[in-house]
Structures are given as structure tokens and as C-alpha cells.
Amino acid sequence: NLTIEKLPIEKKSIVADIGAGTGYYTFKIAPKVPQGRVYAVEIQDDAVTYLKNKVGQLDIKNVTVVKGSEQSPELPGNSIDLAIMVDVYHELIYPHEMLQSIRKALKPGGKLLLIEYRAEDPKVEIRALHKMSVGQVKKELEANGFRLSVDGEFLPIQHFLLFEKSK
């Protein structure tokens with residue numbers, strides 16, 4: 001999986017998978033951060049229960065399931081190196097509040113990765129409200145104290161947008 005290969009993570013990284021769903025990314029990232037931790041953040045109770053059960057079944061020691069809210073991932077300040085949101089950002093009801101909370105949770109130099117379907121590409125057969133353009137994302141993120149550090153266009157139909165917490 002190209003996305004996983006390109007993640008800016010090391011053995012000790014602390015990663016938050018925000019909007020983890022069934023944990024597809026959570027469980028792929030966990031073995032890559034053996035001395036680190038992955039927080040699988042979900043706001044829906046059934047997803048939280050599902051993830052907790054899966055962590056137990058797989059007996060994974062470095063995954064913590066966290067019940068977030070619509071405005072915050074409910075993570076401690078200065079605690080994470082990387083937050084990822086895969087096809088989640090456009091769904092946020094409170095993007096400003098969520099970005100501010102994520103920014104607080106990130107360590108200095110922490111990064112936020114957004115993967116979103118490309119609005120610019122008419123061939124991407126996904127409803128427009130599920131797509132975003134780089135310009136749109138960049139504008140919203142910069143307004144919330146992030147700057148774009150990598151615009152990776154190596155995925156066939158998605159943007160890989162890595163933001164850094166601005167000073």
C-alpha cells in the first residue's frame with residue numbers, strides 16, 4: 001500500500017488515525033511503529049466497540065482506541081507525531097474546531113496527513129461532496145495553523161496532502 005509506505009513514521013512514532021472506521025490503516029501502521037503507538041479515534045460507539053474487540057483478538061499492544069467527539073479527537077496535548085485522516089476531512093461537521101484540537105495534540109513539528117478524493121479530476125467517479133481540491137484543503141488548513149509540506153500525487157484517484165504544524 002503506497003500510502004503506508006509514504007507515511008513519515010519511525011519505529012517510535014505516535015500516530016493518530018482519526019476516523020479510523022474498521023481500522024484498516026490503524027492495523028497496517030501498528031507493526032511499523034513497534035516502539036510507538038497508534039490511537040484509533042472514532043466518534044461512533046459501534047466503531048469504538050468493533051476496534052476494541054479487534055485489538056483484543058489480534059492482541060496488539062501498541063494500539064489504543066479512543067472515543068473522539070465531532071470537535072476533537074480527545075487526545076492529550078503535544079502527544080502525537082502524525083495524525084492521519086483518510087477520506088474523513090470533508091465529512092467533518094466542525095472542521096475548524098477539529099483542526100485546532102489536532103494542532104494542540106501534535107508535538108512541535110507534528111504532521112497531519114489528509115487523503116481525499118481529487119475534486120479536480122472528473123474521472124474520479126465519486127460524488128462531488130466526497131471530493132476536495134488541493135486549493136480548498138490548503139486554504140482551510142493554512143487558516144488553522146498548518147502549512148502544506150508534501151503534495152504527493154502518486155495515488156491514482158486521491159490527494160496525499162501532508163501538512164506541518166506552523167510555528
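Reader: Before that, what kind of model is it?

Author: This is a predicted model, in which local features need pLDDT of at least 70 and side-chain atom pairs count only at pLDDT 80 or more, while totals for chains, interfaces and linings use all residues. Residues are numbered from 1 along each chain as its sequence is written, and side-chain values use heavy atoms, with hydrogens and water left out.

Reader: What volume does the largest pocket have?

Author: Its volume is about 460 Å³. A pocket here is an open set of points on a 1 Å grid over the protein atoms alone, where a 1.4 Å probe fits, with protein on both sides within 12 Å along at least five of seven lines; lining residues have an atom within 4 Å of a point. Grid points are joined across faces, edges and corners, and the volume is the space filled by probe spheres set on them.

Reader: Which lining residues are closest to the centre of that largest pocket?

Author: Of the 23 residues in the lining, Ile18, Gly19, Ala20, Glu42 and Val88 are the closest to the centre. The elements that give two or more residues to this lining are β1 (14-18), α2 (24-29) and β2 (37-42). Helices (H or I, at least four residues) and strands (E, at least two) are DSSP runs, numbered from the N terminus.

Reader: How does the lining of the largest pocket divide by class?

Author: It has 12 nonpolar, 6 polar and 5 charged residues. Ala, Val, Leu, Ile, Met, Phe, Trp, Tyr, Cys and Pro count as nonpolar, Asp, Glu, Lys and Arg as charged, and the others, Gly among them, as polar.

Reader: And what lines the second largest pocket?

Author: That pocket holds about 160 Å³ of space, and its lining includes Pro8, Lys12, Asp81 and Lys111. By class, the lining has 3 nonpolar, 3 polar and 4 charged residues. The largest share, 3 residues, comes from β5.

Reader: Turning to the strands, is β2 mostly covered or mostly open?

Author: β2 is mostly covered, as 5 of its 6 residues are buried, where buried means under 20% relative accessible area with a 1.4 Å probe and protein chains only.

Reader: Which strands does β2 pair with?

Author: β2 pairs in the parallel sense with β1 over 5 bridges. The chain crosses from β1 through α2 to β2 in a right-handed β-α-β crossover; with the strands pointing away from the viewer, the path from the first strand over the helix to the second then runs clockwise. β2 also pairs in the parallel sense with β3 (residues 63-67), over 5 bridges. Two strands pair if DSSP finds at least two bridges between them.

Reader: In what sense does β5 run against β4 and β8?

Author: β4 (80-86) and β5 (106-118) run parallel and are joined by 6 bridges. Leu82 has Lys111 in β5 as its bridge partner. β5 and β8 (residues 158-165), by contrast, pair in the antiparallel sense over 7 bridges, and Leu112 stands opposite Phe163 in β8.

Reader: Last topic: where is Thr3, and what does Thr3 touch?

Author: Thr3 is found in helix α1 (residues 2-5) and is buried, with a relative accessible area of 3%. Not counting residues up to four places away in sequence, Thr3 touches Tyr25, Ile115, Leu155 and Phe160, contact meaning heavy atoms within 4.5 Å. Thr3 and Phe160 are 157 residues apart in sequence and 7.8 Å apart in space, C-alpha to C-alpha.

Notes:
Buried means under 20% relative accessible area, exposed over 50%, partly exposed in between (1.4 Å probe, protein chains only).
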